[in-house]
Amino acid sequence: MKAVWYERCGPATEVLTFGEMPTPVAGPGEVRVRLEASGVNPSDAARRGGSYRSLEYPRVVTNSDGAGVVDQVGSGVTRLKAGQRVWLFNGQRNGRAFGTAAEYIALAEHLVTPLPDNVTFAQGATLGIPCMTAWCSLFADGPIAGQTVLVTGGAGAVGHYAVQLAKWGGARVIATVSSAAKAEQAQLAGADLVVNYRTEDVVAKALAFTGGRGVDRVADVDFGGNLATTLKLMAVNSAIAIYATNGNRTPVLPVREVMERCIALRPIVLPALPPPLHAAAQADITKWLGAGTRLHNVAGQFPLAKTAEAHLAVEKGDKLGTVVVDCAR
């Protein structure tokens, strides 16, 4: 099969190789997916660049999310069958070196979920880590019906799904954005209040929206960078889900202030979360997809041979949605 891999960390154009590799075979408990599309996450680019740690394996097929068709089923598989359209997450994580920048991937069936016929493969490749992270940020601590949720970065890959899922879950949603174009995306996703944090007072707007009570949940794209602002608008017995903290990777936490309002902190790294939580997220996302038309932002599409260019597009940081690599032969 054709695939894109790296054998040392570094710039995309220097370390990513497009070539032939052996086609994988589905082992016990696994399915093989004939990939149609691969989603590129910032974490995929960061791993390839060496920001997380040194090279994880002698050879890494990049990217972790994807969508395609099951074409081989290993022994013991009961939930999926050959011919099913599917989306998948964590393809290159937790002991798996070979991800989705390839024509095929073999992985455990619990990481694979049926894809509705009305969702394209490119759109399916945007689910994976972004939608799973969004769900876990919102629902890992219980239902959110009747609550007020703040989604920071409401037009981002995770944030855009978080806004939609929060509305589906019965919450009122505040979304912060950094531009008029991103404000439009957050509004299309269903946000009740959109605040441009560069030009507007987030705290004043959020407190006015909640009648001074504050927000119940936060799905936070930059915990350290947002901390000084976020703490001013948290309600008593609220929770902050932290899935990134690039603005300040080592924030100082005013513990007494957090204690006095019983603010729970929920750090989230998707591969480390327990399998039952993954399963609950997959089940709810399936229900959500089937309950109406959803917005899946594909920020750009590149052929498999141009995966390096897809990584560069992610690293630019100005995308709206997920960059996708087309894997079809």
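Predicted model: local features only at pLDDT ≥ 70, side-chain atom pairs only at ≥ 80, totals over all residues.

Colleague: Which residues of α2 are buried?

Modeller: Buried means under 20% relative accessible area. In α2 the residues that count as buried are Ser43, Asp44, Ala45, Ala46, Arg47 and Arg48.

Colleague: On to arginine 32 in strand β3. Is arginine 32 buried or exposed?

Modeller: Arginine 32 sits in β3, residues 30-40. The cut-off for buried is under 20% relative accessible area. Arginine 32 has 13% relative accessibility, so it counts as buried.

Colleague: Which backbone oxygen lies 2.9 Å from a polar side-chain atom of arginine 32?

Modeller: Leaving aside neighbours within four places in sequence, the contacts of arginine 32 include Thr23, Pro24, Ala26, Val69 and Tyr104. The backbone oxygen 2.9 Å from a polar atom of its side chain belongs to proline 24.

Colleague: Now serine 238 in strand β13. Which backbone oxygen lies 2.6 Å from a polar atom of its side chain?

Modeller: Serine 238 is in β13, residues 234-242. It is buried, with a relative accessible area of 3%. Beyond its neighbours within four places in sequence, it is in contact with Val215, Asp216, Arg261, Cys262, Ile263 and Ala264. The backbone oxygen at 2.6 Å is that of alanine 235.

Colleague: Which residues of α4 meet α10, and how does the contact divide by class?

Modeller: From α4 come Cys131, Met132, Trp135 and Cys136. They meet Leu277, His278, Ala280, Ala281, Gln282, Asp284, Ile285 and Trp288 in α10. By class, the residues of this contact are nine nonpolar, two polar and one charged.

Colleague: Cysteine 131 is in α4. Which residues is it in contact with, leaving aside neighbours within four places in sequence?

Modeller: Cysteine 131 has 0% relative accessibility, so it counts as buried. Its C-alpha atom is 8.7 Å from that of leucine 165, 34 residues apart along the chain. Beyond the sequence neighbours, its contacts are Tyr161, Leu165, Ile285 and Trp288.

Colleague: At what angle do the axes of α5 and α10 cross?

Modeller: The two axes come within 11 Å. The crossing angle is roughly 80°.

Colleague: Which class has four residues in the contact of α5 with α10?

Modeller: Tyr161, Gln164, Leu165 and Trp168 come from α5, and Asp284, Lys287 and Trp288 from α10. One residue is polar and two are charged. The class with four is nonpolar.

Colleague: How many aromatic pairs does a search of the whole structure find?

Modeller: Ring pairs link Trp135, Phe139 and Trp168 into a cluster. Across the whole structure, the number of aromatic pairs is four.

Colleague: How are the rings of tryptophan 87 and phenylalanine 89 arranged?

Modeller: Tryptophan 87 is buried at 0% relative accessibility, and phenylalanine 89 is also buried at 0%. Their ring centres are 6.5 Å apart and the planes are at 40°, so the pair is tilted.

Colleague: How are the rings of tyrosine 161 and tryptophan 288 arranged?

Modeller: Both tyrosine 161 and tryptophan 288 are buried. Tyrosine 161 is in α5 (residues 157-168) and tryptophan 288 in α10, so the pair ties together parts 127 residues apart in sequence. The centres are 5.8 Å apart with 85° between the planes, and the arrangement is edge-to-face.

How values were computed
Residues numbered from 1 in each chain as written. Heavy atoms only, no water. Contact = heavy atoms within 4.5 Å. Helix = DSSP H or I, 4+ residues; strand = E, 2+ residues; numbered from the N terminus. Nonpolar A, V, L, I, M, F, W, Y, C, P; charged D, E, K, R; others polar. Buried < 20%, exposed > 50% of the residue type's maximum accessible area, 1.4 Å probe, protein only. Polar contact = N/O pair within 3.5 Å; in protein donor to acceptor, adjacent residues only side chain to side chain. Phe/Tyr/Trp six-rings, centres within 6.5 Å; stacked < 30°, edge-to-face > 60°. Axes fitted to C-alpha atoms, helices over the stretch in contact; angles between N-to-C directions.
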